[in-house]
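Dear colleague,

I am pleased to hand over the structure shown below. Please read it together with the notes that come after it.

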Amino acid sequence: MSLLQGTNDLISDLSDVEKREIPLIDLKRLKLDQLEREECMKEITEAARKWGFFQVVNHGVSQEVLKNMQFEEKEVFRTPFGIKSQENFLNLPSRTYRWGNASAINPKQLMWSEALHIFLPDIEKMDQHKSLRSSIESFVKVVTPLAENLVQILAQELNINFSYFQQNCSANTSYLRLNRYPPCPFPSKVIGLLPHADTSFITIVHQDHIGGLQLMKDGKWISVKPNSEALIVNVGDLFQALSNGLYTSVGHRVVAAEKVERFSLAYFYGPSIDAVIESYATPPLYRKFTFGEYKEQTMKDLKEGGDKVGISRFLL
Ligand code: OGA
Ligand code: NI
């Protein structure tokens, strides 16, 4: 499937999108008796199969931690463009700050957003931005165990040993992406964030109250109603390959709002570069690959076509 197909008829379908509730799962039940726990786990695996997307509440990431992140996110994006766009902004590697779409090869691939793409081991370099750094650290400290817990549940259903993730993934192999969508005077003509699927095992997203995130369900775009208490969880490409297509890495996009800015925060739980991703079942749908190969392929595709193509590249 080419997710980019969605961008060709952007203008016709951006505004006319159904609002639907995606599964909302109360994780409090994981701490109750075995029956409750098993039912909750079943809801998680079912949502990952049928939707590739769900929301969770009672997830263990406090409102305080989320509010702090949001505050710091607003502050950092308020930095003048001339500074944000400097090579060493925040003392982080180049390409940490991104805006529009540097890979666009046609106007339909332009995006009305800016982002900070932060590889977590790098945050210790942010010595001039202590409060942003400490908010990120507090967030990562609680979101990582949440991601691990969810991944463990998804893996258990497939009889994949959690040690695979313990060996290949940690807070130090994960990414954080802070997104800002400025008010867009022509929201039906230019997209906030292009249709894409995530390069991760799972992604955990917090969005503010504005709305605009849309996902593909049964061949149609639907929009996710904001819920400030909830975190959004979605399956990424790597889990789709590992689960032999059982869990789906679903295409999603963001439509910018006309009058107001929107902020979101995404935590990508992924492995180290040398991790091997192999379908757990036979016959495999995807060939075995390393995460490094996957990244190389997506970078090549981005350069050549403006789109990362993704996991379909590894179909057998
Ligand atoms: C992403 C993403 C969604 C959002 O950063 O990959 O899909 O709501 N973000 O901003
Ligand atoms: Ni995404």
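Predicted model: local features only at pLDDT ≥ 70, side-chain atom pairs only at ≥ 80, totals over all residues.

Residues are numbered from 1 along each chain as its sequence is written, chains are lettered from A and ligands numbered from 1 in the order in which they are written, and side-chain values use heavy atoms, with hydrogens and water left out.

H196 belongs to strand β7 (residues 193-196) and H252 to strand β12 (residues 252-254), 56 residues apart. Helices (H or I, at least four residues) and strands (E, at least two) are DSSP runs, numbered from the N terminus. Both H196 and H252 are buried, where buried means under 20% relative accessible area, exposed over 50% and partly exposed in between (1.4 Å probe, protein chains only).

The ligand. Ligand 1 is surrounded by 13 residues, the closest being Y181, H196, H252, R262 and S264; a residue counts if one of its heavy atoms lies within 4 Å. Strand β13 (262-269) gives the largest share of this shell, four residues. An oxygen atom of ligand 1 lies 2.8 Å from a side-chain N or O atom of R262, and an oxygen atom of ligand 1 is 3.0 Å from a side-chain N or O atom of H196. Of the 290 Å² that ligand 1 exposes when taken alone, the protein buries 98% (Shrake-Rupley method, 1.4 Å probe).

The nonpolar cores. A nonpolar core is a set of buried Ala, Val, Leu, Ile, Met, Phe, Trp, Tyr and Cys residues joined through side-chain atoms within 4.5 Å. In the largest, of 67 residues, F165 and F239 touch the most other members. Helix α6 (residues 130-157) gives the most to this core, twelve residues.

The serine. S174 lies in the loop between α7 (163-168) and β6 (175-181). S174 is buried, with a relative accessible area of 0%.

With kind regards

How values were computed: Polar contact = N/O pair within 3.5 Å; in protein donor to acceptor, adjacent residues only side chain to side chain.
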